[in-house]
Structure formats: C-alpha cells, structure tokens
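Reader: I have a few "how do you know" questions about this protein model. Could we go through them together?

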Amino acid sequence: MPSESQPYADGRQPDQDRLPVADRLDDDHFPAYTMGRAAELVGATPAFLRALGEARLITPTRSDGGHRRYSRHQLRLAARARELVDQGTPVDAACRIVSLEDQLEQAERTNEELRRQGADPVHGHR
C-alpha cells in the first residue's frame, strides 16, 4: 500500500535515540502514539487499527516491548479510512481508496518540488 505508511518512505527505521527531541516532535513519521492513544485520537477501537494493519494500510512500528506505535501520518490515514467506513465503505475498499489518495498526494508533492527546482516533472529534466 502507501510507501509512507512505514516510518520513512524507504522503509528504514529511524535511529530514534539519535534524533534531537525537537526533530522527533516535528517528524510526521515518528512513531509517537500508543495503540490506545491512537485509537482515541482517530475515534476508533484498537481492533479497527489492527484491521487497518491487516489490510496493510498502516504498519505500526513496534516498541522494544512489542507494543504498536503509530505516527501522525498513520493516524491521518486511519482517520480517513474511518470516515469512509462510517459512510458504509467496506474496510478493504476504504484502505485501497486511502492508499490511492495518499499515493496521489505524494506524487503531487514530488511534482511540485520538481517544478520549484525548475525540472520537467514528466521527463525529469529542464
């Protein structure tokens, strides 16, 4: 599903002990939220978050003790999936929709960055 459901787009895990606290607080992909807090913020149950994990919309990081940790980015994806499910969309379909929306948003950000750099987003050069 979306590459950004992982803590970092390339799938690597952050070396959390080395990041300055301010950087961790600003990092949209830093796994800062426990399962209970994440469920509370999304307005869902832990079972719903587990279902999103099973559907591979989000893949929480695991703490040393094995507990799930979620990032703000993952919570936004979960909240959007919950909106769709609340409107009657099946969970699997909601996950696919959210995944495609996330991929489109990421592609639009990449294209905008290329435009700012003066590159042709389609052909990759000026």
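Reader: How do you know that the span of H5 agrees with its 26 residues?

Author: Happy to show you, and keep in mind that this is a predicted model. At 1.5 Å a residue, H5 should span 38 Å, and its end C-alpha atoms lie 37 Å apart, so the two values agree.

Reader: Which residues of H5 are called buried, and what covers them?

Author: They are Ala94, Cys95, Val98, Ser99 and Asp102. Buried means under 20% relative accessible area, so each of these five falls below that cut-off. Their cover includes H3 and H4.

Reader: What about H2: which of its residues are buried, and what puts them on the same side?

Author: In H2, residues 35-42, the buried ones are Met35, Ala38, Ala39 and Val42. They cover an arc of only 100° around the axis, so they sit on the same side of H2. The general rule is that an α-helix has 3.6 residues a turn, so residues three or four places apart point the same way.

Reader: What do the buried residues of H2 pack against?

Author: They pack against strands S1 and S3 and helices H3 and H4. One residue to look at is Leu49, which is in contact with Met35, Ala38 and Ala39, among others.

Reader: What makes up the largest nonpolar core?

Author: It has 19 residues, and those with the most contacts inside it include Leu49 and Tyr70. H2, H3, H4 and H5 each supply at least two residues of this core, and the largest share, five residues, comes from H4.

Technical notes. Residues numbered from 1 in each chain as written. Predicted model: local features only at pLDDT ≥ 70, side-chain atom pairs only at ≥ 80, totals over all residues. Heavy atoms only, no water. Buried < 20%, exposed > 50% of the residue type's maximum accessible area, 1.4 Å probe, protein only. Helix = DSSP H or I, 4+ residues; strand = E, 2+ residues; numbered from the N terminus. Arc of directions from axis to C-beta. Contact = heavy atoms within 4.5 Å. Core = buried A, V, L, I, M, F, W, Y, C linked by side-chain atoms within 4.5 Å. Expected span 1.5 Å × (residues − 1).
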